[in-house]
Amino acid sequence: MIQNNFPRNGLIWLLVSLICVYLPLQAQLPLWTALVFISVVAWRWMMHLGRWPYPNKLVKVLVVVLGVGAVLVSAQGQFHLESATSFILVASLLKVLEIKTQRDGYIVIFLSFFLLSISFLYAQGILITLYSLFAVWVLMSALVGLHQNQYSEQSTPVRIKTAGKTSFQILLLSLPLMLILFILFPRMGPLWSLNLQSDKAKTGLSEQMSPGDIAELSNSDELVFRVAFKDKVPANHQLYWRALVLEKHQITNGQSQWSVSKKVPPIDWYPKSWQPEPKDGVLDYTIIQEATSKKWLVGLRGVAAMEKGIGMTDTDLIVSNKKLHQRKEYEVRSWPSMDIAKQGIHSLTRQQNTQLSLSPQGTISNPQSYLLAQTLYRNHNTDLARVEAVMAYFSDQPFSYTLKPQRMAENDIDDFLFNQQAGFCAHYSSSMVFVLRSMGIPARVVAGYQGGELNKESGHITVRQYDAHAWVEVWLAGIGWKSFDPTAQVAPDRINLGLRDSLTDQAEFLSNSGLSLTKLSSFPLFNQLRLQLDELNYFWHQTVLNFNKQRQGNLLKKWLGNDFLSTSLYWLAGLFCTVFLLLTLFLLWQRPNKKRSPIEKALSVLDKKMHRYQLQRQANEGLADYSQRLQLAFPEHKDSIRRLLQQLQEHYYSKQKAQTLREKESKISIQIKGLAGKLKLKDQ
Amino acid sequence: MEKLLTRLAKYGLTKRFNAWLDRRIPPAAQVTLAQRSIFIVPSKAGWMFGLLLVLLLITAINYQNSLIYGLVFWLFSLGLSAMIFSYRNLSGLTIKAGNAVNGFAGKYINVPFRLSAAKRDHFSLTLSWQTVDKNLDQGADSEVLVNQETQVAMPLQLQTRGYLKTPRLKIQTHYPFGLYTCWTWVTLKTPGIVYPKAIKTPFIASEGGGSDLQTEANLIIGNDEFIGLRSYQAGDSLKHIAWKYLAKGKGLLTKEYDNQQLSMQWLDWQSLQGKSEESRLSHLTGWVLQAEQENRAYGLKLPGLTIAPSHGDSHRQQCLEALALYKGGVAL
């Protein structure tokens, strides 16, 4: 076959497309890939300019060993998505380095498509989607560039433009079919369980909290989940999104730490779990939660699992049966005013929720706080009054709310309560639980999110990492578990308005996050833009990204009536067959349109006549040979046959205008027909 | 697939395959490509692309990722549209046979073609013969822009004497994405005559016909006697031009030799008895060339055909044609 060399103008497209594919992935991959990427692209470009030589075999082997080695080292012996991605990236980069033939170009482009799809696993917002449309266009243009003639008359810029135009046309033309396929293609569950993503720590709530952790989260405006309420949206101060219950108290390096107890709590999986009837005060809502690599889900107080794969714990939480490596959408029902454990709690639970760790010296930690607890205990008669006294302590003392608390000294709760008196929600909840447990009242820290931003247009609430919050739940005899938020005593705005609006010092907000849209929200124009983008993204998530089997079914039902889903595959096949059948029919119908020229018709008349004498034209016979044969057979017409041949040849082989062509054609065809009439074998 | 067809064309079913092709794309002086004359199959890269789509689809299903689903569907429909665009890159292309070319069997000549397009540009076309010639570069790259005529000359080794019969011309394209191989096989009737292969041997004096000219065989120009100068006439050999006089500015003059009257020669079929027909024709061809080079007058005697002695380009042409078309040429 023809050896196809690599067209030089394709290289520009190819390098640009590599850059396009790499950019969105860069944040996910180790830093060294950026170095490899830049050096390879620069090297290849210098090779293209002819300044640097092609790498020889030794260099190639060295580069491959280095590249694969780097991938292996950074994977640390584990196979996960990041390492696989780095490997594919390095492979395609090395291919670029030694790219010579068209085939190498295919490999790089096809690998790039794969890398592009991997980047969809990390980010799927509307902006990244628009960007990817552009990237696909560049990749397809690179593919066209591979097939452009190297010795073309067109200049390189013109060819680059042609490639871009052609791929754009085809991409546009392919859009309708893509949409049909997207809607009709039957969705199914995963073929096998894939867990290629590394459990690398994502920002977000962890199952262990030491005061100060949540302050870290407040620096991130990353999306955590979105909520859409079926009916009325509750007020901001009612939105306590519970994610984790931290019961276990530990002291490390003199700092109190609260974590999820290691014991696996009994889980009631749907549909075995409790399902409240829809009645007054019951809230139905849908949550679209971003990937966390954890199992916890979020819900308001009095939560109930409403679909398969979700269960409830005895701590009033809902959990997923799989880690959330993907965005998850789920329905939740809550009854916030429900009584929880009103009748009493198990002695084991009581023990867990009154447990306090001793200091490493074996003495009671935070003695001052312990003393405070004893005082409060003696001064009040009921547990409820004691809890309220702790709450009152926070409002009476000069406590302040800050995102940048000082590091606490050893016996951190003492330091916080009596010395610094400035902290974040985690400090307040941590110290409150400590004091309550010191009195023997069952109490626990709840970690989750509070509030969220309401988008007035679409009515959905967006919750970001900086909405992370911690508060307290106390068990009171005859009442059950009851929530208290000590932070509200100190900074009521934090609960009523949200973090962003509650901070008087705007510089403190998202101070470590660099430039972000949320940060620019103090400019009205930007804020509006940000909210609109958020709405668009919500719409995008709901309609496109979460287009699953159920949604597909609903949509098709709405459009085409029941039972459509089960037959959508047939519909799809039928649609294809119809289109192709119509296309074939169209082509067949077009065929008779191919007119025979008058000369051809006249020749077939002659041929029919000659058939009588077994002198018809053979399949492989040219006109010249045919006339020779006829001249031999009819010597008396030799001259006229030869003249006709001459005319025919002149007609076929010379350039003529269409007008004269048609005139000549009819003239010659008349002559041919005349000849056909004259030719007769004498003996017949 | 395309290779399979090529292989079919090469071996086994050659005859029937060619007959089928002839019916489908009849030989003509000019062909405008349409759906009957265009073949299209997925290329190797096309299958690779299909594999990529399957991999992406599995990724989409396993990760339940709508965007990857979208990408797969987009690329899939793009693959289908590419078929139409690939077809369009050939459809509407007009290929015309070029002007007449003559040559000797066994020699290479350039067969000219003219490509033109009425509707759209046709990019990245590769032209090659259906039969592969190992001595040649296997294809010529070309492109045809709309309303422009592109000339392509395809080198071809001439096989048998007679009217020129060119093999099928294969025009192939992978444009735009390389996912499909789209090609056509057209037979274009380029006018032309293939002369027999020339064999150079000394003249053998004709024995037949009782010619009184036979004694003049083997005369050589060097021995001829110089008579004088006359003014140049069209058709005079360049060898006989008096260059020195021309240099002196006395115009074009031709040196006249005595032998021109004497060196008449019959190149006779009968004188080559004992040789095969084709070999006789080859010898006679060689003699025609030699006689012409030596500027003799020569006549040609073939069974049933006699060409009176003369010389000059048109006479040479007439003799060579008679030799080429003896008994209608060699059937392929």
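Predicted model: local features only at pLDDT ≥ 70, side-chain atom pairs only at ≥ 80, totals over all residues.
Reader: Where do I start with chain A? How is it divided?
Author: Chain A is split into domain 1 (8–184), domain 2 (212–512 + 520–533), domain 3 (549–591) and domain 4 (598–678).

Reader: How far apart are domain 2 and domain 3 of chain A?
Author: Their C-alpha centres lie 51 Å apart.

Reader: And what does chain B have in the way of helices and strands?
Author: Chain B has 8 helices and 17 strands. Of its 332 residues, 37% count as buried.

Reader: Switching to the inside. Which residues touch the most other members of the largest nonpolar core?
Author: A:Leu93, A:Leu139, B:Ile68 and B:Val72 do, in a core of 115 residues. Helix H4 (residues 66–88) of chain B gives the most to this core, with 12 residues.

Reader: What is A:Leu139 in contact with?
Author: Leaving aside its neighbours within four places in sequence, A:Leu139 is in contact with A:Ser17, A:Ile109, A:Ser112 and A:Phe113.

Reader: A:Ser17 is in which helix? Is that residue buried or exposed?
Author: A:Ser17 is in H1(A) and is buried. Other buried residues of H1(A) include A:Trp13, A:Leu14, A:Leu18 and A:Val21.

Reader: What covers the buried residues of H1(A)?
Author: The cover includes helix H2 (32–49), helix H4 (81–97), H5, H6 and H7 of chain A.

Reader: How many residues does H1(A) have, and how far does it reach?
Author: H1(A), residues 8–25, has 18 residues and reaches 27 Å from its first C-alpha to its last. That is close to the 26 Å expected at 1.5 Å a residue.

Reader: OK, sheets. What is the strand order in the open sheet of 6 strands?
Author: In chain A the order is S8-S11-S7-S2-S16-S15, with antiparallel pairing. S8 (303–305) and S15 (453–454) of chain A each have a single partner strand, so one side of each has no neighbour in the sheet.

Reader: How many bridges pair S15(A) with S16(A)?
Author: There are 2 bridges between S15(A) and S16(A), in the antiparallel sense. A:Ile461 in S16(A) is the bridge partner of A:Leu454.

Reader: Why is S11(A) said to be largely enclosed?
Author: Because 6 of its 7 residues are buried, S11(A) is largely enclosed by the rest of the structure. With S7(A), residues 283–289, S11(A) pairs over 7 bridges in the antiparallel sense.

Reader: What do S4(A) and S5(A) form?
Author: They form a hairpin with 2 residues between them. A:Asn253 in the turn has a positive phi of about 55 degrees. The two strands run antiparallel and are joined by 5 bridges.

Reader: Which residues of S5(A) are on the covered face, and which on the uncovered one?
Author: A:Ser256 and A:Trp258 are on the covered face. A:Gln255, A:Gln257 and A:Ser259 are on the uncovered one.

Reader: What is phi of B:Ser124?
Author: Phi of B:Ser124 is near 50 degrees, a positive value in a residue other than glycine. B:Ser124 is in strand S6 (residues 122–129) of chain B.

Reader: Why does B:Ser124 count as buried?
Author: B:Ser124 counts as buried because it has 23 C-beta neighbours inside 10 Å, and the cut-off is 20 or more. A:Gln421, with 15, counts as partly exposed.

Terms used
Residues numbered from 1 in each chain as written. Chains lettered and ligands numbered in written order. Pairing = 2+ DSSP bridges. Helix = DSSP H or I, 4+ residues; strand = E, 2+ residues; numbered from the N terminus. Core = buried A, V, L, I, M, F, W, Y, C linked by C-beta atoms within 7 Å. Buried ≥ 20, exposed ≤ 12 C-beta atoms within 10 Å, placed from the backbone. Contact = placed C-beta atoms within 7 Å. Domains from an automatic or database assignment. Expected span 1.5 Å × (residues − 1).
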